[in-house]
Each structure stands twice: as C-alpha cells, then as structure tokens.
Amino acid sequence: MCFARFAAPMVAGAVMGMVAAVMPASAGPTIVLDVNSGRVLSHEDAFQRWYPASLTKLMTAYVAFEAVRDGELQFNSPVTISKRATREPPSKMGYPAGSVLTLDNAIKLIMVKSANDVSTAIAENVGGSVDAFAKRMNAAARKLGMSGTHYVNPHGLFSTEQYTTARDLALLVRAIRTEFPQHAHYFSMEAIRTGDRVLPNYNWLIGRFPGADGMKTGYVCSSGFNLAATATRNGRTLATIVLGAPSQVERGEEAARLLAEGFKIQGSVSPSITAFAPYGEGRNVAVDLRPEVCSEAAVKARFERGDDDGLLVQRSPYLSAMDHEPRAVTIALGGATGPAPSVPRYADVPIPTPRPEYPLKSATADTAQGG
C-alpha cells in the first residue's frame with residue numbers, strides 16, 4: 001500500500017466491476033485521516049463499496065448521541081429489549097424480552113461486545129422502530145457527506161442494501177470525535193464486566209498500541225474483518241479504516257502499521273477528506289468476500305492459529321502485550337431513572353431485508369458475527 005498516493009486513482013481490475021467479484025482479502029480498502037485537520041494521509045480504494053458489518057454501530061452510537069444532544073432522551077433513559085431484539089443472531093447479550101438497560105450501558109455493550117440484540121433495542125427505543133431508526137442513520141450520513149453509504153439496520157448483520165466506503169467511515173469517525181468529544185470514553189474501554197464474565201474489547205489495539213483510544217471492529221463473512229481505529233500522540237489524533245482483512249490478526253496488524261506510518265507524515269499538503277475526489281473502476285459494486293473468508297479452509301486456518309491476540313503482538317513490530325489485566329467497566333440491567341424516549345413505538349414486526357441463501361455448511365463460520 002502506498003502512502004504517497006494522494007490524487008492519482010488506483011485502477012481496479014475488471015473483476016472489480018462484476019457483481020460476483022471476489023477481491024483478495026489482503027487487498028481491502030484503507031484510509032488514514034488526521035482527525036483534527038481532516039487531511040487524508042494515505043488511502044487505498046477508499047471509495048470502493050464495502051459491507052460495513054459492525055462498523056455500522058458507530059452510526060448507531062452517533063444517532064443516539066444526536067438524540068441526547070437534542071433532548072429526546074438522556075443517557076440514563078431506559079432501553080427495553082423487545083421480542084424482535086431477542087431474535088437477532090450472535091454476537092448478542094441474550095437478555096430476555098422486557099429487560100431494561102440504560103442508554104449509557106447499551107452503547108457500551110454495542111461498542112465492546114458488539115451486541116446485535118442491544119443494537120436493535122437502541123434503534124427501537126431511540127427511533128421508534130428499526131426502519132425509522134435506519135432512516136435517521138441515512139439522514140445523518142447525508143448530512144456528513146457520506147455519499148457512498150446506505151443503512152437498513154443498526155447492527156451491521158449482512159444485507160445487500162447496507163454498504164459504505166472507507167472514505168465515508170473516516171468521515172463518520174471524525175464527526176464522532178469532533179462533534180462529541182465528551183463521549184470518547186465509549187470507544188476506548190478495554191473490557192466490560194457483566195455478571196461474572198469479563199469481555200475484552202475486540203479492538204486489540206487498545207492497551208497494545210501506544211496512544212490507541214478507539215473505536216470499533218466489525219465482521220461478517222461477506223465483509224471480512226473490518227476495523228476503525230484511532231490513536232492520539234502529542235495532541236494529534238489519527239484514524240484509520242481497514243476493510244476486508246482475512247482475520248482479526250491481519251486487520252490489527254494493518255491498522256497498527258497504518259497508524260504508525262501516519263504519525264510520520266505531515267499532513268499540511270494532503271487533500272481534505274471533504275474535497276477528496278471519488279476514484280476507482282467498479283467502485284459502486286460491493287465486493288463479497290464470503291467465498292474466501294468463510295470457506296472451510298479459511299475458517300480451519302484461523303482456528304488452528306490459536307491465540308490471535310498473542311499472535312498479533314508477536315507478528316507486529318508496532319504492538320506490545322498488554323502490561324495489565326484489561327480494566328473492565330461494569331454493566332448491569334436496570335438503573336434507568338431517566339425519562340423514557342418520547343418517540344412513538346411501532347409494531348414489533350421485523351421488516352425483511354435481502355439476504356442471499358447460503359449452504360448450511362457455512363453456519364459455523366457465521367456464528368458470533370459482529371466483532
């Protein structure tokens with residue numbers, strides 16, 4: 001990947017323009033952004049359409065922050081788990097219908113655990129329904145200039161109608177960090193404690209990469225392993241987006257490398273992300289990585305590698321082992337003393353979204369999609 005390439009578009013092969021195209025996972029889109037200045041420090045296929053997976057939850061949090069800012073509810077307002085929410089597949093908390101969380105705890109759960117059931121509950125409580133919340137997500141995307149993005153759900157489970165780009169995700173990350181700096185703690189937690197379980201953050205840069213302070217991971221078979229990561233050194237905050245990595249290890253390695261190299265780049269002559277011209281052949285067709293990321297051979301290879309966390313640290317010169325037990329933030333049901341959301345709640349009827357039929361033998365690979 002080239003850090004010097006700022007204006008010249010990369011010409012993707014004709015394969016990129018085919019609906020059934022399969023891009024090698026190691027060639028996924030990336031971007032590095034100086035958050036304060038909005039300057040693009042490096043990029044690779046930054047406008048290529050991609051499935052966001054659980055990076056979707058960054059927009060879910062952003063819309064919730066807007067709702068709190070606008071006085072619709074508070075962080076101690078109740079978020080009630082519906083029957084529909086309980087039907088979401090893992091990654092999830094598994095709370096029974098009728099359980100109540102604070103909005104504060106719900107956001108913490110979707111950031112660290114990447115809980116799909118809690119994401120649906122946030123959407124229903126903040127927006128009135130998943131469909132209404134998705135409309136708010138799309139309105140926010142348009143406001144931010146995310147021209148290559150469309151949402152149909154709040155969690156990122158696969159739909160052909162839900163897509164984004166590395167460039168758009170960088171815009172979203174910058175908006176969260178600059179519009180809501182007081183909420184940065186939601187993205188930098190090392191772990192959460194719920195009952196007798198401690199659940200570490202899927203973003204392994206936290207506590208291992210100097211200055212790492214956010215933000216979110218994502219994975220579904222069709223997207224590969226995605227990561228939006230931020231780090232701050234000497235008052236300068238950088239963000240990187242890594243899409244389509246073949247494993248948790250590779251996405252962490254690449255994000256650490258991109259951030260480390262980014263801190264060496266002075267961005268005063270780099271292009272602004274708001275004026276960044278689209279490029280790339282076939283960029284408006286989403287790439288589907290399922291055939292290689294979730295093939296039996298790929299899943300077996302990831303399993304046989306064993307401890308991904310330790311392997312990541314061993315392989316990357318930019319990362320070191322965490323020198324302490326992950327500091328866990330305690331999460332519990334209840335405690336919702338704030339006002340209930342003011343929006344009307346709609347019927348708890350799931351709205352179907354297009355999901356292609358896949359062979360049952362891939363079911364194992366699909367479990368715990370989200371982080």
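A charge sits over a ring if NZ of Lys or CZ of Arg is within 6 Å of the ring centre and within 35 degrees of the ring normal. This is a predicted model, where local features need pLDDT of at least 70, side-chain atom pairs count only at pLDDT 80 or more, and totals for chains, interfaces and linings use all residues. Residues are numbered from 1 along each chain as its sequence is written, and side-chain values use heavy atoms, leaving out hydrogens and water.

**Exercise 1.** Find the ring over which the charged end of Arg49 sits.

*Solution.* Go to Tyr163: the charged end of Arg49 lies over this ring, 3.8 Å from its centre.

**Exercise 2.** Work out how Phe65 pairs with Phe75 and with Phe180.

*Solution.* Step one: recall that rings of Phe, Tyr and Trp (its six-membered ring) pair if their centres lie within 6.5 Å, with planes under 30 degrees apart stacked, over 60 edge-to-face and the rest tilted.

Step two: Phe65 and Phe75 are 6.3 Å apart, centre to centre, with 65° between the planes, an edge-to-face pair.

Step three: for Phe65 and Phe180 the centres are 5.4 Å apart and the planes stand at 55°, so this pair is tilted.

**Exercise 3.** Is Phe65 buried or exposed?

*Solution.* First, the cut-offs: buried means under 20% relative accessible area, exposed over 50%, partly exposed in between (1.4 Å probe, protein chains only). Next, the value: Phe65 has a relative accessible area of 1%, so Phe65 is buried.
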